[in-house]
Structures are given as C-alpha cells and as structure tokens.
Amino acid sequence: MIVKSNYILLTLFTSLIISCGANNYILKNDIPSLETGFFGFRWTTPMSIIDSEFPRKTGAKQRSDLNRFSTSCFSDAYFLDELTSLCQFRFNENGLNSVKIIFESNQVSAEDQLFKLKEKLSSFYGEPYKTLGTNKQNEKQEYIVGFFWDGGRLELTLKLNYTIEVNAYSYSSRFGPIHNG
C-alpha cells in the first residue's frame, strides 16, 4: 500500500514538473508584457520549441532558406491581425532573445499600415517615443519614422524601402537583459 501511494505521488509530481516546464516557455496570450516575452513566447524559449510550436499555433510556413545557426524564420503569420512577410526569431545560449517581424508595404499603403500597427501596439504598451530618421553627420539614414517603447525594447519603424519592421528585444540599453528562465 505504501509503495502504491509513493508511486502515485511520484507520478503526480513528475507530471506536474513536465506540465509546468511547457508553461515556462509558451504564454497563453499573444501580447505579453515586454519583460515576460513577445509573440506568445517567453524570453529564453529554446529554439526547438519555437520551431515546433510557432507553425502549429499560427499556420506560418518555415523559411529554412533563411535560417542560420541561431535564427528561425517564418512567413505568412499574422501579428495583430496583419499578415507578415517574415518573422525572424533570434537565439543565444539562453534561448530566445529577439524577434523581428517584417511587413511588406509600398508608398501608398505604408502610412496607414504603420499607424494601424502603432495604435494596436500602443493599446498594449502605452504611448511610444517617436523619432524621425534624419541624417546624422557621416551616418546613413536607416528609417523614415520610428516608434519606441520600454527604453527601446520594442521598436516599430518605417524603413526607406517602405517595409515596416517590428523589433522586440529581451534586453535594452536602459534596463539591461531579462532573465526569466
């Protein structure tokens, strides 16, 4: 009888540990706080989990032609109800550390799409800091306009070629890295 009750406790404890481990990486909502993670995954999520779960959860197509040692790339995913051209997840030795989302646009539709995304991101993260991509001495202009949240941890920029980029980082120059393993 004691052996049977110990077996039940061990089984219960093991299943609890396994189920908690999965919850440590995948979040229930798509827009978590920047300190917790981004795009439904916690910072420090292993590459293998994103490679298996992201296409399953979103219907995205893996772009293995763009993958490198520390990146996973996908196309045809939706972010804030907008179809993405590319989603790139970057990893370091601790797991997920940045996400880049690219939306193809043109000079006719770029402004509307940019401000739609800005409003949706602002509803989650508050009002952003806005900056214009002006030329600085001896530096090439990289973008037309940009919006930044949380000390630069989240960026929304309109590039010179009218693509729109969302970049999210597990670290910022103001707050440093996030450690939520």
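The model is predicted, so local features need pLDDT of at least 70 and side-chain atom pairs count only at pLDDT 80 or more, while totals for chains, interfaces and linings use all residues. Residues are numbered from 1 along each chain as its sequence is written, and side-chain values use heavy atoms, leaving out hydrogens and water.

Eight strands make up an open antiparallel sheet, in the order β3-β4-β7-β8-β12-β11-β10-β9. Strands are DSSP runs of E with at least two residues, and helices are runs of H or I with at least four, numbered from the N terminus; two strands pair if DSSP finds at least two bridges between them. Because β3 (61-62) and β9 (129-132) each have a single partner strand, one side of each is left without a neighbour in the sheet. β3 pairs with β4 (residues 71-75) over two bridges, and lysine 61 has serine 75 as its bridge partner in β4.

Helix α2 (residues 47-58) packs on this sheet, touching β3, β4, β7 (86-92) and β8 (95-103), where contact means heavy atoms within 4.5 Å.

Turning to charged pairs, the whole structure holds eight salt bridges, each a side-chain nitrogen of Lys or Arg within 4 Å of a carboxyl oxygen of Asp or Glu. One of them joins glutamate 53 and arginine 56 (2.4 Å, N to O); these residues lie three apart in helix α2, about one helical turn. Glutamate 53 is buried at 16% relative accessible area, whereas arginine 56 is exposed at 59% (buried, under 20%; exposed, over 50%; partly exposed, in between; 1.4 Å probe, protein chains only).

Note on methods. Axes fitted to C-alpha atoms, helices over the stretch in contact; angles between N-to-C directions.
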